[in-house]
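Dear colleague,

Please find below the structure for your files. I would be grateful if you could read the notes that follow with the model open.

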Amino acid sequence: MKSRNFKQGILFAAVLLIALINTSCKSIQIQKTYIVPNAINTVNSVELNELNLVAGDYEILNTITSEAIIKATIKKNKAEIHEENGEFSLYYIDNGLGMLLNEYSGVVRQGYLDNVYSRTNFNEFNPEVIAIRLASYRAINIAQQYGSDGLIEPIISTKAEQKGNEIIFKTTVTAKLIQLKTSK
């Protein structure tokens, strides 16, 4: 009889231990690490006086403007950053310590008006930075289409507007396109 009670006790303890391990494993949340696909453009932006050029050394091709509109929606423990035309979306959840990237779609395009850049940490919920970098990316694309050698004197302006749970960041980059004249 003691043997049977002993076996039942061990069986009960084993079942209890498995239940505890299973419960504790469910409470441990494994944080996903994402490598968000992103395209990057860089260009050094300078002021005209830094180039030490005289009027015959260059031509200002045009003044260009690019724009990006990023919408950030925050509801309870979820948030989303998305480009207005659906190019990309970043979905976040609040884990109690802050917003963490949970899912994404599309390709995030980023431009840097400097040849040195640090990779964006998409785990940080920062729609304003994403708006600035997308508008910069688009300005660099326009510069490439004109065949310019660079952008000079860029002006970056960001406006924010809140509509209910949504914050809209509209960034505009305006710059002059320059082409250097070369002697043959």
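The notes below cover the sheet, the helix across it and an aromatic pair.

This is a predicted model, in which local features need pLDDT of at least 70 and side-chain atom pairs count only at pLDDT 80 or more, while totals for chains, interfaces and linings use all residues. Residues are numbered from 1 along each chain as its sequence is written, and side-chain values use heavy atoms, with hydrogens and water left out.

The sheet is open and is formed by 6 strands in the order 5-4-3-2-8-7, with antiparallel pairing. Its edge strands, each pairing on one side only, are strand 5 (99-106) and strand 7 (150-163). On average, neighbouring strands of this sheet are turned by 15° against each other, direction ignored. Strands here are DSSP runs of E with at least two residues, and helices are runs of H or I with at least four, numbered from the N terminus. Two strands pair if DSSP finds at least two bridges between them.

Strand 2 (residues 58-75) is joined to strand 3 (residues 78-83) by 6 bridges, and Thr73 stands opposite Glu80 in strand 3. These two strands form a hairpin with 2 residues between them, and Lys76 in the turn has a positive phi of about 50°. Strand 2 is also joined to strand 8 by 15 bridges, the two running antiparallel; here Ile70 stands opposite Phe169 in strand 8.

Helix 2 (residues 127-146) lies across strand 2, strand 3, strand 4 (88-94), strand 7 and strand 8 (166-180), and runs at about 150° to strand 2. Contact means heavy atoms within 4.5 Å; axes are lines fitted to C-alpha atoms, for helices over the stretch in contact, and angles run from 0 to 180 degrees between N-to-C directions.

A search of the whole structure finds 1 aromatic pair. The ring centres of Tyr92 and Phe125 are 5.1 Å apart and their planes are at 85°, so the pair is edge-to-face (centres within 6.5 Å; planes under 30 degrees apart are stacked, over 60 edge-to-face, the rest tilted). Tyr92 is in strand 4 and Phe125 in the loop between strand 6 (108-112) and helix 2, 33 residues apart.

With kind regards

Technical notes
Phe/Tyr/Trp six-rings, centres within 6.5 Å; stacked < 30°, edge-to-face > 60°.
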